[in-house]
Amino acid sequence: MRHLYTDAKLVTMASDIHNSDGYQCQDHSAIAVENGKIVALGQDAEQLDWPKQSLNGRLVTPGLIDSHTHLVFAGNRADEFEQRLNGVPYQTIAEQGGGILSTVQATRAASDAELLALALPRAEALMRDGVTTIEIKSGYGLTLDDELKMLRVAKAIEQHLPVNVSTTLLAAHAIPPEYQHDADHYIAHICQSIIPAAAEQQLADAVDVFCENIAFSVDQAEKIYAAANAHGLNIKAHTEQLSDLGGSVAAAKAGAYSVDHIEYLSEADTQILAEFGTVATLLPGAFYFLRETQIPPIEALREHHVPMALATDFNPGTSPFASLTLMMNMASTLFGLTPKENLYGVTRHAAQALGLTNKGQIAVGFDADFAVWQCDTPAELSYMVGTAPLVGRVVNGIWYPATPTPQSTPHQENQE
């Protein structure tokens with residue numbers, strides 16, 4: 001239960017009394033871990049006579065956090081992708097039973113075991129990219145039983161893989177066929193039945209809603225937020241992806257930890273996010289895949305010091321990417337974020353977007369979740385994609401190599 005990791009090139013992402021922002025490398029540093037928590041760093045750690053493992057001067061960052069995914073689903077939409085590239089309009093595809101409702105149909109038909117078998121390789125792909133915490137949404141069930149089924153599967157991933165999972169109820173993802181012309185009654189069903197059940201069974205950490213012209217209005221979203229608050233669940237929101245409805249402001253005022261996508265967020269409304277401490281989660285994968293041209297208001301977010309998180313938005317329809325480092329590269333090339341902003345976005349700010357006060361930094365008292373990389377500087381994580389620089393991850397204090405043995409069993413490297 002005690003372990004000392006030595007000779008680390010440490011990037012803590014934690015502010016300190018010397019006004020460091022945590023992005024600077026600290027060579028030849030040490031991390032002391034006890035019962036899954038960081039208990040000492042640097043010279044304080046080196047003085048401990050505990051079992052040691054040298055990290056051989058490698059770069060060490062907090063474990064990456066993917067704060068927005070739709071990891072649990074059945075089926076795929078590669079055929080729709082091909083149809084669109086061959087000129088078939090999305091409306092035609094939807095009328096033929098495609099789009100999100102095709103994923104809903106496949107997910108409803110799948111059992112818990114089938115959904116878990118599909119989800120585990122996707123989670124493993126993120127783990128190979130340095131991820132130690134994954135947020136997973138429901139939203140492809142759209143019935144009480146199927147939404148709870150998706151959340152059960154998401155939580156079960158932790159029992160099979162060394163990764164932390166945060167679950168989000170996204171029953172307000174789309175209008176299901178049963179309520180196609182009666183969205184208000186579906187919202188009432190979510191508030192009166194689905195949210196209470198998810199809270200009572202402790203299956204969800206947060207509630208999300210897709211507030212957009214093609215989904216749910218601001219008024220409908222506010223009913224979801226009120227129900228979430230009444231049942232002690234955190235709030236997140238898909239907002240301003242396709243138009244400026246004011247959904248981000250409504251979510252922030254309701255206490256949302258994050259608003260996600262926000263390509264069409266007005267510069268004036270960034271100040272509201274700052275006022276309420278709401279994180280802006282950027283999803284460059286969906287921006288890229290949909291060939292979007294409206295860039296989020298990055299300069300306004302910087303000006304008002306709004307924390308920016310980055311996530312994959314991994315899903316079958318608009319962002320089929322299971323790589324958070326790819327998102328870091330996209331955030332730089334498409335949005336102009338710096339490597340430092342990117343690393344904040346997948347560590348400290350991503351933790352803030354999920355309300356996780358014990359993750360995202362390498363600091364005393366925080367969870368011992370960190371990633372070890374075969375590279376010289378943190379900027380390399382945003383620079384080169386596909387070279388697999390991950391050496392290993394420490395999750396809850398335990399070392400796991402980048403290429404796991406069967407069943408992902410722990411392995412100790414170069415113990416002293």
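Is His28 buried or exposed? In this predicted model, His28 counts as exposed, because its relative accessibility of 61% lies over the 50% cut-off.

His28 is found in strand β2, which covers residues 26-34. Its phi angle is near 55 degrees, a positive value in a residue that is not glycine.

His305 also has a phi near 55 degrees, again positive in a residue other than glycine. His305 is placed in the loop between α12 (298-303) and β13. With a relative accessible area of 69%, His305 is exposed.

## First set of annotated binding-site residues

An unreviewed UniProt entry gives the annotation "binding site" to His68, His70, His238 and Asp313. These residues span 246 residues in sequence, yet no two of their C-alpha atoms are more than 12.4 Å apart, so they gather at one spot. From this set, His70, His238 and Asp313 belong to the lining of the largest pocket.

His238 sits in strand β10 (residues 234-239) and is buried, at 4% relative accessible area. Beyond its neighbours within four places in sequence, the contacts of His238 include His68, His70, Lys137, Asp208 and His261. The side chains of His238 and His68 are joined by a polar contact of 3.2 Å.

Asp313 lies in the loop that runs between β13 (308-310) and α13 (324-335). Asp313 is buried as well, with a relative accessible area of 2%. Not counting residues up to four places away in sequence, Asp313 touches His68, Thr69, His70, His261, Leu283, Ala286, Thr318 and Ser319. A polar contact of 3.2 Å links the side chain of Asp313 to the side chain of His70.

## Second set of annotated residues

UniProt also places the feature "binding site" (unreviewed entry) at Arg77, Tyr140, His173, Gln241 and Thr318. The lining of the largest pocket includes Arg77, Tyr140, His173, Gln241 and Thr318.

His173 belongs to the loop between β8 (164-172) and α7, and its relative accessible area of 10% makes it buried. Leaving aside neighbours within four places in sequence, His173 is in contact with His70, Ile100, Gly139, Tyr140, Leu142, Phe210, Ala215 and Phe216. The side chain of His173 reaches the backbone oxygen of Gly139 at 3.0 Å.

Gln241 is in the loop between β10 and α9 (247-253). At 9% relative accessibility, Gln241 counts as buried. Apart from neighbours within four places in sequence, its contacts include Phe210, Glu212, His261, Ala286 and Glu292.

## Pocket and cavities

The volume of the largest pocket is about 1,100 Å³. Its lining has 36 residues, of which Arg77, Tyr90, Ile100, Ile214 and Thr318 are the closest to the centre. Helices α2 (78-85), α3 (90-95), α4 (100-109) and α11 (284-289) each contribute at least two residues to this lining. The largest share, 4 residues, comes from α11.

The model has 3 cavities of 30 Å³ or more. The second largest cavity has a volume of about 50 Å³. Residues lining the second largest cavity include Pro62, Gly63, Ile65, Thr132, Asn358, Gln361 and Asp369.

## Nonpolar cores

The largest nonpolar core holds 99 residues, and those that touch the most other members are Ile157, Leu169, Ile190, Phe216, Ile224 and Leu343. Helix α7 (residues 183-200) supplies the largest share of this core, 10 residues. Another core, of 15 residues, lies apart from it, with Ala8, Val391, Val394 and Trp399 among its members.

Leu169 has contacts beyond its neighbours within four places in sequence, including Leu151, Ile194, Ile195, Ala198 and Val207.

## A buried serine

Ser382 is placed in helix α16 (residues 380-383). At 5% relative accessibility, Ser382 counts as buried. Not counting residues up to four places away in sequence, Ser382 touches Met328, Asn329, Ser332, Pro339 and Asn342.

Terms used. Residues are numbered from 1 along each chain as its sequence is written. This is a predicted model: local features need pLDDT of at least 70, side-chain atom pairs count only at pLDDT 80 or more; totals for chains, interfaces and linings use all residues. Side-chain values use heavy atoms; hydrogens and water are left out. A nonpolar core is a set of buried Ala, Val, Leu, Ile, Met, Phe, Trp, Tyr and Cys residues joined through side-chain atoms within 4.5 Å. Buried means under 20% relative accessible area, exposed over 50%, partly exposed in between (1.4 Å probe, protein chains only). Contact means heavy atoms within 4.5 Å. UniProt positions are given in the numbering used here, feature names are shortened, and annotations may be inferred rather than shown by experiment. On a 1 Å grid over the protein atoms alone, a cavity is a set of points where a 1.4 Å probe fits but cannot get out, and a pocket is an open set with protein on both sides within 12 Å along at least five of seven lines; lining residues have an atom within 4 Å of a point. A polar contact is a pair of N or O atoms within 3.5 Å; within protein, one must be able to donate a hydrogen and the other to accept it, and residues adjacent in sequence count only if both atoms are side-chain atoms. Grid points are joined across faces, edges and corners, and a volume is the space filled by probe spheres set on the points.
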